[in-house]
Amino acid sequence: MMQTTNFSQFNIPSIVPASRSPTTTILRRKTTSSWRLSPVLAVASPTTSPSRHQVTHSMPPEKLELFKSLEPWVSENILPLRKPVEKCWQPIEFLPNPSQGPEQFEEEVRALRQRVLGLSDEYFVMLVGNMLTEDALPTYQTVINTFDGVRDETGSSPCPWAIWTRAWTAEENRHGDLLRTYLYLSGRVDMLMVDKTLQYLIGAGIDIGVENNPYLGYVYTSFQERATCLSHGNMARLATEGGDPMLARICGTIGADEKRHEHVYTRIVEKLLEVDPNATMLAIAHMMKKKIIMPMHLMYDGQDPNIFEHFSAISERQGIYTSRHYAEILEFFIIRWKLEKLEGLIGEARRAQDYVCGLPPRVRKLESRAKKIEPRQVKFSWIFNKQVIV
């Protein structure tokens, strides 16, 4: 049986960096789910609330100069972490290659389809979800380019922050291409419904609550890259157990990219803690208060208004990404960023430090008390037989 975690039990104070009065708008979204959300929704967040304030441009204008001053540091410490194109893997290296001639290509496709027979429909729901997450890349680049002080102002800006964002996007773009082609060749999923879901997803965008604020944004990307790395790693493990070593290699290779990208964003937050510890500590607490929202939380396939909840339930049950992983990621960053050892914090920043460092035990305690839900069958438009266990 599956456990659910209700994060609304946390009485979390509002922790917001002091700044000019931000711009706010209201997002209204109908929620139709009548069943209790799975833990992974709290892990990578509950769905957006029916009425949620969208705060914009919350970073004080005087902080722009700080990010400008960090450009030489980015050039010296971040840009070298880009991988040269000629040394990057490309999707065709993992796929049947039509350049080898029709007979060889058809033989390799047949072998691929034979390998995936040992993988469950639930596994393919997760693989589609990971592909959609990767393939919605236009949304993520759009969001990063809303961050004040680091955005790409022209589309080809020589600003080091912008150069990194474009390089990151180019590297990430291979992930969705590879997974999409593998899914297509597998014959295990309804690609028409997958494509519709992707179009709905990109059209809907994401509401991750980073407020055009790079302090918040880089905390989010650090956390999300580590979560994505874990997810791909667990998918690789299940692919190996299911008898598809090539798919395991694919998931592991994508996960390695995510790990390197996590290192970049983690290093940026480390630098921000060094040069502006109070504002950065407030930003970390602010994002933990909101909870890290999965990029595909506004997913829709044109049929199931609760598809994200159903997908998240499968992720929890299959052990791909769970509330336990959330707590582990939080503990990792507390140690990596040495948050418990930060000195000289004042006022709200000191309280933010206490809140963040005390959060993991509360998450684990709440998880242990979570209500259990019996497995049940749910229709999934991506799967030909439609019925999967959540």
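These legends describe close-up views of aromatic rings in a predicted model. Residues are numbered from 1 along each chain as its sequence is written, and side-chain values use heavy atoms, without hydrogens or water. Local features need pLDDT of at least 70 and side-chain atom pairs pLDDT 80 or more, while totals for chains, interfaces and linings use all residues.

**View 1. Trp 164 and Tyr 265 form an edge-to-face aromatic pair.** The structure holds 15 aromatic pairs (rings of Phe, Tyr and Trp, the last by its six-membered ring, with centres within 6.5 Å; planes under 30 degrees apart are stacked, over 60 edge-to-face, the rest tilted). Trp 164 belongs to helix H7 (residues 160–186) and Tyr 265 to helix H10 (residues 245–275), 101 residues apart. Helices are DSSP runs of H or I with at least four residues, numbered from the N terminus. Trp 164 counts as buried because its relative accessibility is 2%; Tyr 265 is buried at 1% (buried: under 20% relative accessible area; exposed: over 50%; partly exposed: in between; 1.4 Å probe, protein chains only).

**View 2. Tyr 200 pairs edge-to-face with Tyr 300.** Their centres are 5.0 Å apart, with 70 degrees between the planes. Tyr 200 is partly exposed at 40%, and Tyr 300 is partly exposed at 30%.

**View 3. One aromatic cluster includes Trp 164 and Tyr 265.** Among its other members are Phe 67, Phe 147 and Trp 161.

**View 4. Arg 226 lies over the face of Phe 332.** The distance to the ring centre is 3.5 Å (a charge sits over a ring if NZ of Lys or CZ of Arg is within 6 Å of the ring centre and within 35 degrees of the ring normal).

Technical notes: Helix = DSSP H or I, 4+ residues; strand = E, 2+ residues; numbered from the N terminus.
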